[in-house]
Structure formats: C-alpha cells, structure tokens
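This briefing is meant for a reader who is meeting the structure for the first time. Please keep the sequence and the 3D view at hand while reading the points that follow.

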Amino acid sequence: MKFLRALILCVIALLTLSALWLFLHQENAQLERYGDRPVVQAMPPSPSTAARPYASTHPSRWTRPDDPFEYPIPIGAVGPHEPLYSSPLGYPFACDGDASGYGQPRIDNRQGWGIPVYAADNPESREPAGYSKDCLYPTRVDYLYNRQGTDRFYPLSEANGDIAQLSIGGATLDFIVRVETGTINRFFYSITALRGPEDQPEQPDMRYWNGDLIYQFKGGVGIGHRQGRLKPHDVANRRLEQLRQGYAIASSSGNQTSYHYDLLRAEETALRVKRQFSARYGEPRFTLGIGGSGGAIQQYLIGQNGSGVLDAGVALYAYPDMLTQTIHIFDCELLEYYFDQLAPEVWPWPKRSLIEGLNALNGIEPEYGWTYELAQLIHGRVPPRPKGSSECVNGWRGLTSLVNNPSFVHFAPRFSETLQQQVHWTYWEDLRHIFGSRADGYARQTWDNVGVQYGLRALRSGEISPTTFLHLNASIGGWKAPGEMQPEHFWRVNGSRLIDFSPWGQQNMNLSPDGGLTPAKRTEADPGAIDAAFRSGQVFTGQLDIPIVDLRHYLEPELDMHHLSASFSTRLRLQSAGRADNQLIWVTEKPHSPIAEALALLTQWLEQGQRPRQASDRCYNRDGSLIASGPDVWNGQWNGRENGLCSQRYPSFGTSRSQAGEGLRGDLFKCQRIPVDRALATGVYSPIDMQPYRQRLQQIFADGVCDYSRPGVERPD
C-alpha cells in the first residue's frame, strides 16, 4: 500500500513538473504573440444606464434605412463606421491592422482612447501622435498572382516568370486578381476579382467576371471588442477555384464570428460591403453565400431576417444559430465535472453519451489530454481507463468560459489592466443592447436548466438506475450569477495555485454542499432576454426565404463539434415554419467536397425561379460516389421514422436536452413545468416506477419538472 501511494505521488510530481513547463511555454508563447501588439489604453466614456431588452418587431418586418454614405469609397478614403440600424459602437475595440499587413490606423482622437498611433516619419518615437479608438484604414487595391504549381497567391511585384495560367471564356490569361481592402463598420473588408487587362484601382476591368458574387462568411466564437484579421490574400487563397470560374468574392472580418456574434451587426456589415461592390464593380446577378460553422449560421439568419443580402447559400458544418447551441453546450462542463469528480461510480466515456447525447468514445485522446489527467490527479481521482473523450471535451471545452464568464478573456493582453478589470467579457454583454441589463449591472442571459431531468431517456430505457438518475440531478447544479464568477483556472497558472487547476470551471458552478444530499441550485434564465433573442432575429425559427445547401463532412468519429444532428435541428424548425423545401442536407467524408456542385445547383435554382427536380437530400462516399438521394434518405429517430439509407451510413447523435426528453429541434430556452406528482401520474417516467422515489424527486425538483409537450417560456408568437 505504501509503495502504491509513493508511486502515485511520483506520477503526480512528474505530471506537475510537465504541466508547469508546458504552461510556462504557453505563457511565453502568448507573450510573444501579443507582446509587440498595440495595447488599447482607455475607452470613451459611456453612459452606465440600464438597458431594457429589445421588445420591438422582428427584423424580417423591417425596412432597412437608406445609407447616407456615398458609395463607392474612394481609393485612399475610409469607409463608413457609424452603424445604420445595428448595434451601437462598442468599446474598447482592439485594432488588428498590424496583424493584417496594413500598419497603423488613422488617428481619430487625442484623448488617449484606443491604441497609440505614432508619426510615420518618426516610428521610433515613444510619444504617440494620437490615438485610434475605431481602427479606420483607407481603401486600397493590391494585385496578387497565383504562383504556378501552388494554390496560393503572392504580391504581383514578386512574380518572376512563374504566374499560373487559366482559361476563361475561351481566353487564356495570367491568373492575376485585384484585391480591394479597407474598413466598413470598423471591420476590414475585401473584394477580390480577376484582373482585366485595362484594370486601374479606381476603374476595375471586369470583363472576366461571370456576373455572380460569392460572399465569404467565416466561423469561430467571439465576444466582440476586436476588429479581426483579414489579409489581402486570405479570401483569394480560400476561394481559388471559384476565382478560376470567374466569380467575384467579397468578405469582411465583421462576418467572422470568432470576432463577434452579433448577427445584426454581421448582416449590416455584409449589406454595406455589397453596396460598395455594386457601386464600383456593378450589380451582381446573384449573391451566393458560403462559409462554415458560424459562417453557416450567418447565412441562415441573414436568409431569415429579410435584408436581401443573399439569394442563396452553401452552409458548411452548419448550426441553426449560435444562441440555441448554448442551451445544451453549457450543460457540458456541468456533466463532465459530475462524471469526473462527483459521481459515486465510474462513468466510462461511451456511457456518457447516455446523458450528454453527443458522441463519446474510447481510444480518442484530445490534444491537451494531459491537462485532463493532471486535473483528475490533483483533485483526487484516477483518470478513467481506457483513455477516451467526448464531444463535450474534445469539441466544446472552453466555450462556456469564453461566452459566459465576465472575468475571463483569452485576448486580455490586447487591453490595459484597467480595461481588463472594467469590462464584462461575455457574449451577453456584447449584445447588452438586445438582452438588456440586470439590476446588478450585468447583461441578462437566456440559459436555464430549472426542471431539466438529465438522463430521463436513459432512465426510461433502463440504461441507468433510478438511484443514478436521482444522484445526477441532485448534484448537477448550474452556473453562478455573473457577479459571482471567478477567473478561470484552466488557461494559465499565473494568478492561481496549481492545486486549483481545473478544466471544468467548478469554481463558477452552483454545487451541492454535501455531495448531493442537498440538491444543487439550478440556473434560471431571464424571460425578457429570451423574448428579445427571438424578436431581434438572433434565433433561427425556420422562416427561411432563400435556398440553402446544408453541406458537411461526417465528423462524429472525430468528436468534432460540428455534429450532424444540427442539420436535423434546422430541418425541424424549417418544417414547423413550412419552409423545409428551401434546405438540402448533403453529407460526405473527407477529402470529397462537392462545393462546386452545390453552387451550380443553387445557380440553376435561382435561374429557374424554382427548385430543380434534381435538388434533393443526399450522401456521398469519400471518393465522391453517391450513396443515396431523395426525400427519405435522412429519416431517423429525429423525425420518428425508420432510418433512411444516409442515416444508416452516417448515424447521428442527440444532445443533453434531447436525452432529457426534449425533441431535437433545440430552441426551447426555458421550459414550462409541471409538479412531480403530475409527472408521476401522467407516465413521464414510464415504464420505470418512480413512485417509491416521489419524496426525493420533490426535493430535487421543488419547482417542478419540464413539460416538453408545451412551448417554451417567453417565446413570442
């Protein structure tokens, strides 16, 4: 026994030393990454008045205002930055022109707001000539060429007889593009098109343009406060094949959700970039969206909210929206902490799917799996064997902290220490003008788990016992109020003890004080924030007016966050709205990527003015051969039908809320509840007899249990 204890201590010591070295290495890497970047010193004063939740009409009913800005933006001038109808300008705002190759922004104040800007003729000066709070850059045009034998673009000035050729419209020409960049709505925009022989910066020669515009959207998860990066070659490298076909490509860092997730801000930015395009290059015949993850979400919501920016879209790795993903993703760390630290029995990785819904597998080791094992040992548990992971860990770990913790921001070095302490760093705060504010000054939020019976389906199927079900639901708890949240202990050692190191963030959870005997407190959403989320168009309700191909690689075996069931969540909402004919679900495996086929089909759809006969759901093999197509190929548990051929080939998983008895539609933030006695009487637990556990159920669910036969609380008609 003494030998075993000594061995465990040695292992802990070795892991601790390894962790310290890796953390210090990562800390130094972070300093190298941000050390020479300009730091936002201060921000303009803003009124600290309370904000009410948005309570007006849905954006689909708006008439967008005329833009007072006169397009096109002249070369050398800056574009518009004051919003037309979207969110007010938010501060502090970090400039990213230095990281995008554009140098310093224009000076817009001398009060010390924003980043310091130094005189161009005296770059070594330690005294700034002024400051920039809005990060505005002049419009410019660059010329890039595709180097032979590569899929990359380089400055034309570097060409040395190695320019690739392409054929278009019967002509053979050098593969050279013009790239216009500048700022609109404070974000970088770019417009990329084939260069004609008579092209001039102010007068583009568009003779090789096919007449259609592709708008490139990008993903990620952001909470605002950053301009974002967009280098001149970024879009050209990404959309090389479409440039070969003569498309023009527009994009903006304001349409990359790793920088913000305000979908009205994104819509307005795209609308203005398109106006710039039309004014300088000509009105496009069709505008086709393309982009993955958050870039796909933007297409669904822009297509729903009625701005007319897009005519069709290719939504890659799509979710219906960001906000309803938080409903089950915020469950992830609560559940993982329970499995790892609170459960009296061992929860092997595959068994966790019974509760989380998302896939979990043995034999998968995440990139930072060592941190998980270290945390387990520090907190007195032996890491489970065999090794494995879940989508909650491999795909979503860290997202709850990023979105929900006002005391955490992963790009903190971009701001002065005063600003770091002053700002509430959450998604909710970035959309405070929509969600409104609480009495304590923090933004309201929509996440709720009161009455949720985690693992209800597994209980009813006999895969977990009543005792396990009760202990889980008594222990799970919720997330603390924003004013009670502490800094994260996962991201770096500085400022916290190694013994506190945690990948779960349990210091910000409501936990039972006595191992589940006293039920842990759940988290309750603000009904006004839920109502505002729907009214402001941040939630996809299925009112889609444009055709979209929902295209993805099958990634469930990789425990990637872009799970297939999100396509079915979107389909269920479209069916409820009577718009399901506007979505096609296509799934394949790497390396096959039928983007060209999707664009061609959507173009035919728009040309015909109706859905083509060959437009259907489908799935492919990795070599591009078709497995099946048709209206029934994706039937499955999600719609209560026998599995179709594509569902058999590519099985999907659920979510923690579908495992708790909700459908896969996934847009119910806060459930209506019924008393435990009514749940027992109406067979909620059938065929399991939970009557012997009535008293304990009433203790755990004193406010009742979710009744998913009724619509959610505060969902507007």
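At 2% relative accessibility, C392 counts as buried, because the cut-off for that word is under 20% relative accessible area. The model in which this cysteine sits is a predicted one, and a search of the whole structure finds four disulfides in it.

**The disulfide of C332 and C392**

- C392 is joined by a disulfide to C332, with an S to S distance of 2.0 Å, and the link is left-handed, with -65 degrees about the S-S bond.
- This pair connects distant parts of the chain, since C332 belongs to helix α7 (residues 325–342) and C392 to helix α10 (residues 391–394), 60 residues apart.

- The sulfur atoms of C671 and C706 lie 2.0 Å apart in another disulfide, which is left-handed, with -70 degrees about the S-S bond.
- C671 lies in the loop between α20 and β21 (673–674), whereas C706 lies in strand β22 (residues 705–706), 35 residues away.
- C671 is buried at a relative accessible area of 4%, and C706 also counts as buried, at 9%.
- Counting the bonded cysteines along the chain, the disulfides of the protein follow the pattern 1-2, 3-4, 5-6, 7-8.

**The sheet and its helices**

- Twelve strands form an open sheet with mixed pairing, in the order β4-β3-β7-β8-β10-β9-β11-β12-β17-β18-β19-β20, and its edge strands, β4 (153–155) and β20 (626–629), each pair on one side only.
- Neighbouring strands of this sheet are turned against each other by 20 degrees on average, direction ignored.
- Strand β3 (residues 140–146) pairs with β4 in the antiparallel sense over three bridges, and Y145 stands opposite Y154 in β4.
- Helix α5 (residues 263–281) packs on the sheet, where the strands it touches include β7 (176–184) and β8 (187–194), and its direction makes about 150 degrees with that of β10.
- Helix α19 (residues 595–608) also packs on the sheet, touching among others β17 (548–553) and β18 (583–588), and its direction makes about 155 degrees with that of β12.

Definitions and conventions: Residues numbered from 1 in each chain as written. Predicted model: local features only at pLDDT ≥ 70, side-chain atom pairs only at ≥ 80, totals over all residues. Heavy atoms only, no water. Pairing = 2+ DSSP bridges. Helix = DSSP H or I, 4+ residues; strand = E, 2+ residues; numbered from the N terminus. Axes fitted to C-alpha atoms, helices over the stretch in contact; angles between N-to-C directions. Contact = heavy atoms within 4.5 Å. Disulfide = S-S within 2.5 Å. Buried < 20%, exposed > 50% of the residue type's maximum accessible area, 1.4 Å probe, protein only.
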